[in-house]
Amino acid sequence: MTSTRRIWLAGALALLLGASPARADEPVLVFAAASLKNAVDDAAAAWRGETGKAAKVSYAASNALAKQIEAGAPADLFISADLAWMDYAEKAGTLRPGTRANFLRNSIVLVAPKDSPVSVDLKPGLDLAKALGGGRLAVGNVESVPAGKYGRAALQALGAWDGVRDRLAQAENVRAALLLVSRGEAPLGIVYATDAASDPGVRVVAAFPADSHPPIVYPIAQMKDSANPDAAAFLAYLKSPAARGFFERQGFTVLGQAGERY
């Protein structure tokens with residue numbers, strides 16, 4: 001046996017022997033919808049304070065996260081902003097059976113920059129194009145980003161879609177749409193109520209009627225290939241009474257028992 005091969009084998013053996021203890025020290029990797037940033041960051045910090053364990057969170061649009069997981073990204077947990085992208089992840093075979101549950105509810109609102117005097121009544125027949133003036137409506141991508149899809153559904157239900165469909169500023173996720181309004185780059189935007197509450201640069205003009213779009217449900221699940229021994233514990237913590245306040249303070253409604261499906 002050559003010296004090079006002996007060194008390679010010794011290194012491989014060391015990696016194998018060291019894999020379990022090293023893995024136990026790694027943070028739980030959570031892929032979470034962008035709208036969850038404030039609440040999940042607070043929950044992760046509290047969990048670390050209580051247990052000494054860490055969670056690292058990657059935030060993006062749910063569609064991007066689901067596709068990254070399908071492509072092999074090593075997430076331990078996934079929290080989607082809609083059922084469709086969790087369904088996508090489940091059909092791709094990436095979820096650990098028995099761990100999926102409906103976690104949170106949210107709502108969508110129309111926002112404007114904080115000093116804007118604009119007033120809009122979100123009722124059937126509204127002329128949202130008039131309220132936009134010469135500007136564009138900031139939304140998440142209406143084909144793929146959950147907040148954008150909900151927004152399009154609501155505008156269609158209210159008869160306002162045809163008037164604004166060519167006047168959209170489509171963003172890669174809902175937080176990016178929020179920033180367009182907060183910075184004054186768009187006169188109006190559609191975001192989650194929880195996003196509006198997180199940014200003092202915007203004000204809520206009006207809330208969309210709950211029956212104008214599908215229910216906004218955030219499911220959560222552990223990934224099938226997750227090897228982190230702390231993943232299940234953090235999943236349980238997020239759904240526990242100890243973490244409930246972090247989500248409610250941001251405006252989420254926390255749903256019922258583990259395993260509940262909407």
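Predicted model: local features only at pLDDT ≥ 70, side-chain atom pairs only at ≥ 80, totals over all residues.
Two strands count as paired if DSSP finds at least two bridges between them, and helices (H or I, at least four residues) and strands (E, at least two) are themselves DSSP runs, numbered from the N terminus.

Totals for chains, interfaces and linings use all residues, and side-chain values use heavy atoms, with hydrogens and water left out.

As an overview, the protein has eleven helices and eleven strands. Of its 262 residues, 48% count as buried, where buried means under 20% relative accessible area, exposed means over 50%, and partly exposed lies in between, with a 1.4 Å probe and protein chains only. Taking a contact as heavy atoms within 4.5 Å, and looking at contacts between residues at least 6 apart in sequence, 80% join residues at least 24 apart.

Let me turn to the sheet that holds strand 4. It is an open sheet of six strands in the order 2-1-3-10-4-11, with mixed pairing. Strand 2 (55-60) and strand 11 (253-254) stand at its edges with a single partner strand each, so one side of each has no neighbour in the sheet. Strand 4 itself, residues 101-106, pairs with strand 11 in the antiparallel sense over two bridges, and there leucine 104 stands opposite valine 254. Towards strand 10, asparagine 106 has isoleucine 216 as its bridge partner. Strand 4 is mostly covered, with five of its six residues buried.

How many residues of strand 1 are buried? Six of the six are, so strand 1 is largely enclosed by the rest of the structure. Val28, Val30 and Ala32 lie on one side and Leu29, Phe31 and Ala33 on the other, and all are buried, which leaves both faces covered. Strand 1 runs parallel to strand 2, to which six bridges join it, with valine 28 opposite alanine 55. Across strand 1 (28-33), strand 2 and strand 3 (77-79) lies helix 3, residues 62-70, running at about 140° to strand 1; such angles run from 0 to 180 degrees between N-to-C directions, and axes are lines fitted to C-alpha atoms, for helices over the stretch in contact.

The other sheet I want to show is also open, with five strands in the order 7-6-8-5-9 and mixed pairing. Here strand 7 (168-171) and strand 9 (202-207) are the edge strands, each with a single partner, so one side of each is left without a neighbour in the sheet. On average, neighbouring strands of this sheet are turned by 35° against each other, direction ignored. Strand 6, residues 137-140, runs parallel to strand 7 and is joined to it by four bridges, and alanine 138 stands opposite alanine 169. Helix 6, residues 146-157, packs on this sheet and touches strand 5, strand 6 and strand 8 (188-192), its direction making about 115° with that of strand 8.

Within strand 5, residues 108-113, we find proline 113, which is buried, with a relative accessible area of 18%. Proline 113 and valine 205 are 92 residues apart in sequence, yet 9.5 Å apart in space, C-alpha to C-alpha.

Now to the interior. A nonpolar core is a set of buried Ala, Val, Leu, Ile, Met, Phe, Trp, Tyr and Cys residues joined through side-chain atoms within 4.5 Å. The largest such core has 71 residues, and Leu36, Leu110, Leu128, Leu137, Phe234 and Phe247 have the most contacts inside it. Helix 2, residues 37-51, gives the largest share of this core, six residues. Apart from it lies another core, of 14 residues, including Leu29 and Phe78.

Finally, the axes of helix 2 and helix 10, residues 231-238, come within 11 Å and cross at roughly 120°. That makes helix 2 oblique to helix 10, since angles under 35 degrees count as roughly parallel, over 145 as roughly antiparallel, 65 to 115 as roughly perpendicular and the rest as oblique. At this crossing Ala43, Ala44, Ala46, Trp47 and Glu50 in helix 2 meet Ala233, Phe234, Tyr237 and Leu238 in helix 10.

Methods. Residues numbered from 1 in each chain as written.
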